Amino acid sequence: MTGEIVDISQALKQVLEVAAEHAERVDTEGVFPAEAVAALRHSGLLGLVLPAEVGGMGAGPVEFTDVVAELAATCGSTAMIYLMHTAAAVTVAAAPPPCMPELLPAMASGDSLGTLAFSEKGSRSHFWAPVSTAVAAGDAVKVRAEKSWVTSADYADVYVVSAGSTSGVPGEVDLYAIAAGTPGLAVAGTFSGLGLRGNASSPMTIDVSLPSESRIGAEAAGFGVMMETVLPWFNLGNAAVSLGLAVSANSAAVTHVGTARLEHLDQALNALPTIRAQIAKMGIALAAQRAYLRAAAESVSSPDDTTMTHVLGVKASANDAALAITESAMRVCGGAAFSKHLPIERAFRDARAGSVMAPTADALYDFYGKAVTGLPLF
Ligand SMILES: Cc1cc2nc3c(=O)[nH]c(=O)nc-3n(C[C@H](O)[C@H](O)[C@H](O)COP(=O)(O)OP(=O)(O)OC[C@H]3O[C@@H](n4cnc5c(N)ncnc54)[C@H](O)[C@@H]3O)c2cc1C
């Protein structure tokens, strides 16, 4: 962080201006939002939720979800890149790797962009069960993995990577921080998605030898860090991306149906009761999701015995609401939305990602059902 910008809304405003300028091109050309990410690096927001002692802003889940939702309403790809950085940063903060003392301050200052490399070719969306391996050899560890999707692949400065633990016990997980440029860390393909087209969510192959002190936390502590740290922050942030995309589609739709005219009838589209009903449902669904996200963020800030169900429920709920709201926005705006005359179809496409990002919405519904009926999640 430069030290010049300390106010969150001022910092965000500057990033949003840059993101807005490039969002359409990022989507159309499927390119990484380099300008918006540079603005994020400069803004201090990469350290938003990191503690002041390491140079962060010391903000909490509520501020985080507000920032992510606003970014998503402007550029979904930038918001997702920001979310993956923050998820990596809080993971590193949970147990900084002893051999990388500068890492957390660099993630807070914006010098180091991070991401999570969890999903694997072998275990697909079941990120909690990596089939990759970590094998200890003296003070070193050899990590081998085929990661199926890594947002900011080739653009991140540090990758938080999951692997089967050096303990050799099936089901145990280690997490490692691996710096970009480490020999054996390679992007293994290109990313071209339906939405979030600037994400650079490419597959990566990992065949690296690292100091064992690049591990995040103790041997076999990775699963616990995933559940206690990654899950709450990632689910809140992913829900906020869904909310922001839905907000953007909803406001464009409301404006359009109030202004697009049927001249022969001397009325706007909002004269049609069917359209008004759709608009009403969209607005109500949005308000409900906004309130649920706020409740979940506050619950993660001050945990109690409802926090786990909030964490499990909020992502699935926001993901599915965004699917429905963006689809309704497409429908009420007709061909104007379909033909890209309105800024709705980008949000519609971007919103398709949330529910299939792990933990997927369907997996979360199952976990939620298990949690409230007293069954173990795993
Ligand atoms: C844009 C984008 C960016 C991404 N970025 C990253 C990243 O930075 N890092 C990262 O680690 N991963 C990332 N991912 C990967 C993501 O987290 C998922 O792992 C991936 O989308 C899963 O796709 P799949 O085809 O392997 O799903 P599958 O696992 O094959 O799932 C297929 C279907 O089965 C359902 N299903 C699977 N298991 C269950 C279950 N237990 N209960 C109920 N239903 C279930 C799913 O919900 C889904 O409908 C990204 C994905 C996308 C789309």
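Modeller: Let's start with a term: two parts are in contact when heavy atoms lie within 4.5 Å. Keep in mind that this is a predicted model.

Biologist: Fine. Which residues of helix 1 are buried?

Modeller: Buried means under 20% relative accessible area. In helix 1, that picks out Ala11, Leu12, Val15, Leu16, Ala19, His22, Ala23, Val26 and Asp27.

Biologist: And what covers the buried residues of helix 1?

Modeller: The cover includes helix 2 (34-43), helix 3 (61-74), helix 4 (76-94) and helix 10 (345-351).

Biologist: How do I read the length of helix 1?

Modeller: Compare its span with what 1.5 Å a residue would give. Helix 1 takes in residues 8-29, 22 residues in total, and runs 30 Å from first C-alpha to last, close to the expected 32 Å.

Biologist: Where does helix 1 bend?

Modeller: Look at His22, where the bend is about 45°. His22 is also on the buried list. Then, just after the helix, check Gly30: its phi is positive, about 65°.

Biologist: On to the ligand. Which residues are closest to the ligand?

Modeller: Of the 20 residues that surround the ligand, the closest are Ser119, Arg124, Ser125, His126 and Thr360.

Biologist: How much of the ligand's accessible area does the protein cover?

Modeller: The protein covers 74% of the 980 Å² that the ligand has on its own.

Conventions:
Residues numbered from 1 in each chain as written. Predicted model: local features only at pLDDT ≥ 70, side-chain atom pairs only at ≥ 80, totals over all residues. Heavy atoms only, no water. Helix = DSSP H or I, 4+ residues; strand = E, 2+ residues; numbered from the N terminus. Expected span 1.5 Å × (residues − 1). Bend = angle between axes of the 7 residues up to and from the residue. Buried < 20%, exposed > 50% of the residue type's maximum accessible area, 1.4 Å probe, protein only. Near = heavy atom within 4 Å. Areas by Shrake-Rupley, 256 points an atom, 1.4 Å probe, with all protein chains shown as cover.
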